[in-house]
Amino acid sequence: MDWIQAFLGVLQPQVFLYLVIGVVSGGLIGALPGLTATMGVAVLTPISFWLKPECGFAMLIGVYNSAIWAGGVSAILINTPGTPASIASTFDGYKLTQKGYSALALNINTVYSVLGGLFSSLCLIFFAFPLAHFALQFGPAEYTTLALFGLTMMVSVSGISPIKGLLVGFLGLLFSTVGLDSIQAYKRYTLNNSALLDGLNFVPMMIGLFGIGEILYQIYTSDSQEKLVVAEVKGTKQFLTPKEFGKLAPANLLTGIISVIVGAIPGAGGDIASIICWGQAKKMSKHPEEYGEGSLEGLSVSCTANNAVIGGAMTTMLSLGIPGDAVTAILIGSLMMYGMTPGPQLFIENNPFVLTLIAQLILANLVILIFGLTTSRIYPKILKIKKTTLWVVVIMCCIIGSYAINNSYVDIIMMSVAGIFGFILRVMDFPQGPFILGMLLGRLLESNLRRALSLTMGNYSIFFTSPICIVLLSISVLSLVWPSIKKQLKKRAA
Amino acid sequence: MSKDGLMFVGACVIVTLFFMIPAFSFPGGTTDGAPGPGYFPILVCSVILLLSTILFIQYLRDHKKYFQQNETQKKNLPKLLIAIGAIILYTILFMFIPFIPLTLVFMVFLNWLFGRTWRFNIIFSVVFTGVIYFVFNNLLHVML
């Protein structure tokens, strides 16, 4: 009954309209190289605050899913992934385009992205509720180690040096200490400015890091006069036959499972999932020689992987309050702005809203299916939009969006500073995600760490007696030292 | 040694000290053993200093140049600095000058900086300023 109400709620004209707006916006953002799903959700977040929570989230969920799907469109048509998650779609997608099957490739991208999204939504339904129920047993010590686990996992899978990731993550933790402290309400680093009593506003920082930072990086590194060669959408064969569809099913089912697990790991996004799944499917395939040469199976698994990650990332985000990727980190910030705290309590205090979110995820995929199959011929024209036009649009949206959150000039200044910081991080090969995660987890980590220590009169043994803490700490340590161990093992083998 | 890297580490250390030094004068913990408000910042700062030291040593051995790596970056540097300056100036003037004229000038400037034709520049700037004003001011009721 609750589920029916959730779906009917999303089908209300106003909510559904924002879902469609989100899908269309995400379709544009994702398809245009340089505009990522993270940037899209970050830039549109301030607008969502002016809407009812269900409308605001319908738009953000629409953008998130649609941008990931649309990233495959430019991967197929111009051999450049629109979002990092679509990197593996270039391997076979562009080859199919060169062979004259671009229409078929685009439809495979749409159908399998949607199937991946729907599969992961089902996993979300099955796993989020038991996981949240399990997390209800967590006390301050478990939450402390969970926050550490989230941070270390994000650092270890970010692909860049763990030291760099950790440094950025801890800088995020440090900036989270600005404002009144959560136990004694003592003013810290507020510079006598009342606007800083609640801490640094997370959303403008995020918009700056992922929006302005990225655009500055593009201004610095790319040739603005470069002209794109966009392939036309053509080919008499537009869809797979039922027989071909059946043949691809086992590889895609396995891909769905792997991607949901990868998505649930903090920091491991669609790019990692799609590359892992493409490689795995190639190993298992009867025709591995076709991979990278326009394989239908290769393209389908990379497309399934992109969107199947979303359900996994949403599972940890909703049930534990730990973001699975940068977009879910932003969504956590948005939930907080609406006065809701992601984690097990959300399932008790705002259960109908959780159901609404899941229903939005499912319906967003269905809207993408219709939108994707009907608009594929428009995309070559969209891809011809000059990147300089996009730069101006994004810069303006970032500035006005940050101001719109609280009508505050301080937010614009914070956004600009964060933008320059984001640019420096990008140039210096530092990951930006751990900074946001550090800022998000800082309060959770500090308040629970201090509460846990107050329970034991300052004795740290509490973190080594609970089985949950031991498991989480062990995984955290292992995830940090594993890259070094792997390097040493490789050296010895060589 | 990587000069860019060492400068970055130096900046991290300065920021960390800015947080760490005042934290020592924060009140102490409560009688039930809960640490005081300075505990967490000091803990985090200590880890950052440790990580900065490791990174400092790595950058001493590293010879990578992060800024101005290639010709494109060298060519684009003035454009980047002007764009950053324009954004900062816009955010400052945002407090003093009405939205429409300020944004119009800002967008014309950015389009000119990015090498767009005057015809496109004027039309795009006028239309986009109008769209932003309408969406935020009229639809979302943000006071611009």
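Two residues count as in contact when their C-beta atoms, placed from the backbone, lie within 7 Å. This is a predicted model, where local features need pLDDT of at least 70, side-chain atom pairs count only at pLDDT 80 or more, and totals for chains, interfaces and linings use all residues. Residues are numbered from 1 along each chain as its sequence is written, while chains are lettered from A and ligands numbered from 1 in the order written.

**View 1. Chain A and its contacts.** Of the contacts in chain A with a separation of 6 or more, 79% join residues 24 or more positions apart. Chain A has 20 helices and two strands (DSSP runs, H or I of at least four residues and E of at least two, numbered from the N terminus). Its C-alpha atoms fill a box of roughly 70 × 55 × 50 Å along the principal axes.

**View 2. Around A:Leu19 in the largest nonpolar core.** Such a core is a set of buried Ala, Val, Leu, Ile, Met, Phe, Trp, Tyr and Cys residues joined through C-beta atoms within 7 Å; buried means 20 or more other C-beta atoms within 10 Å of a residue's own. This one holds 195 residues, and A:Leu19, A:Tyr64, A:Met206 and A:Ile395 touch the most other members. Helix α4 (residues 53-78) of chain A gives the most, with 17 residues. Beyond neighbours within four places in sequence, A:Leu19 is in contact with residues including A:Val10, A:Met59 and A:Val367.

**View 3. Where chain B meets chain A.** Here 51 residues of chain B are in contact with 50 residues of chain A. On chain B's side, α1 (3-23), α2 (39-61), α3 (71-93), α4 (99-113) and α5 (118-139) each supply at least two residues.

Definitions and conventions
A residue is buried if 20 or more other C-beta atoms lie within 10 Å of its own, exposed if 12 or fewer, and partly exposed in between; C-beta atoms are placed from the backbone.
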